[in-house]
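Morning, everyone. Let me put the model up, and then we go through the sheet and one of its residues.

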Amino acid sequence: MKVSPEFELRIQGYGLTTAEILYRMPDHPALLQSYIWQEYDLFPKFPNLRKFLDFWSHQLDGVLHTITVAHNRLIKPAEFRAVDGSFNLH
């Protein structure tokens, strides 16, 4: 049975990373445009995100303004634990 590539990345320590990138539009530098980037990456150095941002800054015309990063180690849902009993309130 073959496992998904995402599962293999998770086993290697990768986590889902989302970056909101605000950049200046080349034709209208006073306006900001938003771009959402999402990929599996390693916390805390984010090599894939850094590679993408390096490509952006060297190959694309839109000047980077702000980058906001969310990662499953930075933000995660509350943890639940099993409870052995229950209490009824009337």
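Contact, throughout this talk, means heavy atoms within 4.5 Å. This is a predicted model, where local features need pLDDT of at least 70, side-chain atom pairs count only at pLDDT 80 or more, and totals for chains, interfaces and linings use all residues. Residues are numbered from 1 along each chain as its sequence is written, and side-chain values use heavy atoms, with hydrogens and water left out.

Sheet first. Three strands form an open sheet, ordered E2-E1-E3, and the pairing is antiparallel. Strands here are DSSP runs of E, at least two residues; helices are runs of H or I, at least four; both are numbered from the N terminus. Pairing takes at least two DSSP bridges between two strands. E2 (32–41) and E3 (63–71) are the edge strands, each pairing on one side only. E1, residues 15–24, pairs with E3 over eight bridges, antiparallel. Thr 18 sits opposite Ala 70 of E3.

Next, helix H2, residues 47–59. H2 packs on the sheet and touches E1, E2 and E3. Its direction makes about 145 degrees with that of E2. Axes are lines fitted to C-alpha atoms, for helices over the stretch in contact; angles run from 0 to 180 degrees between N-to-C directions.

Now His 71, in strand E3. Buried or exposed? Buried, at 4% relative accessible area. The cut-offs: buried is under 20%, exposed over 50%, partly exposed in between, with a 1.4 Å probe and protein chains only. Leaving out residues up to four places away in sequence, His 71 touches Gly 15, Leu 16, Thr 17, Asp 41, Phe 43 and Phe 46. Its side chain reaches the backbone oxygen of Asp 41 at 3.4 Å.

How values were computed. A polar contact is a pair of N or O atoms within 3.5 Å; within protein, one must be able to donate a hydrogen and the other to accept it, and residues adjacent in sequence count only if both atoms are side-chain atoms.
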